[in-house]
Amino acid sequence: SPTFTAGAEFGFYVYDDELWGCNGVEDYFKYTGSAFTAYPSAPKGNNLEVFEDRMFVSGVSAEPLSTYYSSVGDPSVFGASDVVMPLGTDHIVTQKNYYGTLLIFKTASIWKLTFIYDQVLSAFVPKLELQSGTYGACSRKAVAVVENDIWFFTGLEVRAIGFQDNQIGVFGVNQAVISNQIKDTLATIIPENYGQVSCFYNSRRFYLAVPLVDETPDTLFVCHLLYKNAWTKYTGRDKARSTDFAVVDDILYSAFVGDTY
């Protein structure tokens, strides 16, 4: 088994029953359940997402403005020119496969990526379109798919992006501020701690874990969507210190400071 740098955060994706991952430091790898295979030539990022049968990787420390993508059907092969770079100096935090598009979240903007056929090149090429030049996500775990939309935390508020017109596929950021009920508390988060923010959605509940006192999450907000967007706040408990979430066999697990689950 490989060894990994302490404190380096991973991105994972299960593709064709194999686990692919990277932490932005060590080599991008595949794990079959019994053996690891490393791919030194692949980009070393920590955000992975599959779109159009390609693996997309961002969070590369040397190239924070770029997202790389693999060959079709083979997450291990990355061509030298298979990279997209949305305009702007704000860095990419993550990407989400959303209804036939890939939404790329930067810190101050959101972009839509699709593939179109180029008659000259006789190949499918990526096309980028700006979706919001006002809002972005504050960290790589501050984005979650919620029902038919994507909710994201900007650092000050939770907002949603989704279809404004389903027939012609027009996206837009919802004008409503979802987290307005807790805006005063969220305003106390300092930008240096944005990287520790984590969002998750499961069973009609949206979870927002934030650091309010120090650099580690110490407060958990839960938005109960069934109950008219009401927020519940947890502090001073292990649940409030969640740094990540996962669902296995319909059971929600949270990881928190102290390496306890």
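## Salt bridges

The side chains of Lys44 and Asp27 form a salt bridge, with N and O 3.2 Å apart. The two residues belong to distant parts of the chain: Lys44 is in the loop between strand 4 and strand 5 (47-51), and Asp27 is in the loop between strand 2 and strand 3 (28-31), 17 residues apart. Lys44 is partly exposed at 26% relative accessibility, and Asp27 is partly exposed at 26%. The model described here is predicted. Over the whole structure, a search finds 7 salt bridges.

Another of them joins Glu9 and Arg140, whose closest N and O atoms are 3.4 Å apart. Glu9 lies in the segment before strand 1, while Arg140 lies in the loop between strand 12 (123-132) and strand 13 (143-146), so this pair ties together parts that are 131 residues apart in sequence. Glu9 is partly exposed, with 29% relative accessibility, whereas Arg140 is buried, with a relative accessible area of 18%.

A further salt bridge is made by the side chains of Arg204 and Glu147, at 3.2 Å from N to O. Arg204 sits in the loop between strand 17 (198-202) and strand 18 (205-210), and Glu147 in the loop between strand 13 and strand 14 (149-153); the pair therefore ties together parts that are 57 residues apart in sequence. Arg204 is partly exposed at 35% relative accessible area, and Glu147 is partly exposed at 44%.

An open sheet is formed by 4 strands in the order 1-2-3-4, with antiparallel pairing. Strand 1 (11-15) and strand 4 (36-39) stand at its edges, each with a single partner strand, so one side of each has no neighbour in the sheet. From one strand to the next, the twist averages 20°.

Strand 1 pairs with strand 2 (residues 18-22) in the antiparallel sense, over 5 bridges. Phe12 has Gly21, in strand 2, as its bridge partner. Strands of a sheet pair through backbone hydrogen bonds, either parallel or antiparallel.

## Cysteines

The structure holds 0 disulfides. For Cys223, the closest cysteine sulfur is that of Cys199, 11 Å away, which is too far for a bond. Cys223 is buried, with a relative accessible area of 0%. Cys22 is buried as well, with a relative accessible area of 0%.

## A nonpolar patch

Val248, Ile251 and Tyr253 make a nonpolar surface patch of about 260 Å². Val248 belongs to strand 21 (residues 242-248) and is partly exposed, with a relative accessible area of 42%.

Terms used:
Residues are numbered from 1 along each chain as its sequence is written. This is a predicted model: local features need pLDDT of at least 70, side-chain atom pairs count only at pLDDT 80 or more; totals for chains, interfaces and linings use all residues. Side-chain values use heavy atoms; hydrogens and water are left out. A disulfide is a pair of cysteine sulfur atoms within 2.5 Å. Buried means under 20% relative accessible area, exposed over 50%, partly exposed in between (1.4 Å probe, protein chains only). Patches are made of residues with over 30% relative accessible area and no salt bridge: like charges are joined within 9 Å, nonpolar side chains (Val, Leu, Ile, Met, Phe, Trp, Tyr) within 5 Å. Accessible areas come from the Shrake-Rupley method with a 1.4 Å probe; for residues, only the protein chains shown count as cover. A salt bridge is a side-chain nitrogen of Lys or Arg within 4 Å of a carboxyl oxygen of Asp or Glu. Two strands pair if DSSP finds at least two bridges between them. Axes are lines fitted to C-alpha atoms, for helices over the stretch in contact, and angles run from 0 to 180 degrees between N-to-C directions.
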